[in-house]
Amino acid sequence: MAKAKAVVSSGGKAAKKKKWSKGKVKDKAQHAVTLDKVLYDRILKEVPTFKFISQSILIERLKVNGSLARVAIRHLEKDGQIKPIVHHSSQLIYTRTTSSE
C-alpha cells in the first residue's frame with residue numbers, strides 16, 4: 001500500500017523530463033579555396049594597409065582558407081609590401097611597410 005501511494009504523489013517534478021539545451025552550433029565557414037582575379041586584386045590593395053597581418057587575420061577578413069592566406073602573405077613579403085615582425089614556427093606576424101623605410 002505504501003508503494004502505490006509513493007507513485008501517485010511523485011507527479012510533480014519527477015513527471016517532467018529535464019530539457020537540456022542543445023548548445024549553439026557554429027555554421028561551417030564557406031571560405032574561398034582558389035584565387036580569382038577579383039580576390040587577387042583585393043589582396044594586393046587591402047592587405048598592405050593592415051597594421052597587423054597574420055594568417056588568421058586574412059582568413060577572417062577576406063574569407064579565404066589557410067593555404068591561400070599563407071601564399072598571399074609570402075607573395076606580399078617577396079614584393080616588399082609587408083615586413084615580418086615575428087617568425088614563430090606556426091604563427092607568422094607581419095606589418096605594413098611604411099613609406100619612410
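# Notebook: around Ser54 and the sheet

**Entry 1, Ser54.** I started at Ser54 and listed its neighbours: leaving out residues up to four places away in sequence, Ser54 touches Ile73, Gln91 and Leu92. I am working from a predicted model, so I keep that in mind for everything below. Ser54 sits in strand β1. Buried or exposed, I wondered, is Ser54? Its relative accessibility comes to 1%, and since buried means under 20%, Ser54 counts as buried.

I stepped back for an overview. I count four helices and three strands in the protein chain. Along the sequence they come in the pattern α-α-β-α-α-β-β. The protein chain has 101 residues, and 22% of them count as buried. I also looked up how far contacts reach: among those between residues at least 6 apart in sequence, 45% join residues at least 24 apart.

**Entry 3, the sheet.** Next I asked in which order the strands lie in the sheet. The three strands form an open sheet in the order β1-β3-β2, with antiparallel pairing. The edges are taken by β1 (53–54) and β2 (82–87); each has a single partner strand, so one side of each is left without a neighbour in the sheet.

I then took the strand pairs one by one. Strand β3 (residues 92–96) pairs with β1 in the antiparallel sense, over two bridges. Here I found Ile53 opposite Tyr94 in β3. How many bridges, then, join β2 and β3? There are five, again in the antiparallel sense. Ile82 stands opposite Arg96 in β3. I noted as well that β2 and β3 make a hairpin, with four residues between them.

I moved on to the loop between α2 and β1, where Lys51 lies. With a relative accessibility of 63%, and exposed meaning over 50%, Lys51 counts as exposed. Which residues does Lys51 touch, if those up to four places away in sequence are not counted? My list reads Tyr94, Thr95 and Arg96. I also checked Lys51 against Thr97: the two are 46 residues apart in sequence, and their C-alpha atoms are 9.2 Å apart in space.

I see α4 lying across β1, β2 and β3, and running at about 120 degrees to β2. Ser54 from my opening entry belongs to β1, one of the strands that α4 lies across.

My last stop was a helix pair. Helix α2 (residues 37–46) packs on helix α4 (residues 66–79) at an angle of about 50 degrees, and their axes are 11 Å apart. Angles from 65 to 115 degrees would count as roughly perpendicular and those under 35 as roughly parallel; α2 and α4 are therefore oblique to each other. I looked up the hand of the crossing too, and the crossing of α2 and α4 is right-handed. Which residues meet there? From α2 I have Tyr40, Ile43 and Leu44, and from α4 Ala72, His75 and Leu76. Sorted by type, the residues of this contact of α2 with α4 are five nonpolar, one polar and no charged.

Key. Residues numbered from 1 in each chain as written. Predicted model: local features only at pLDDT ≥ 70, side-chain atom pairs only at ≥ 80, totals over all residues. Heavy atoms only, no water. Axes fitted to C-alpha atoms, helices over the stretch in contact; angles between N-to-C directions. Parallel < 35°, antiparallel > 145°, perpendicular 65-115°, else oblique. Left-handed = near helix turned anticlockwise from the far one by under 90°. Contact = heavy atoms within 4.5 Å. Nonpolar A, V, L, I, M, F, W, Y, C, P; charged D, E, K, R; others polar. Pairing = 2+ DSSP bridges. Buried < 20%, exposed > 50% of the residue type's maximum accessible area, 1.4 Å probe, protein only.
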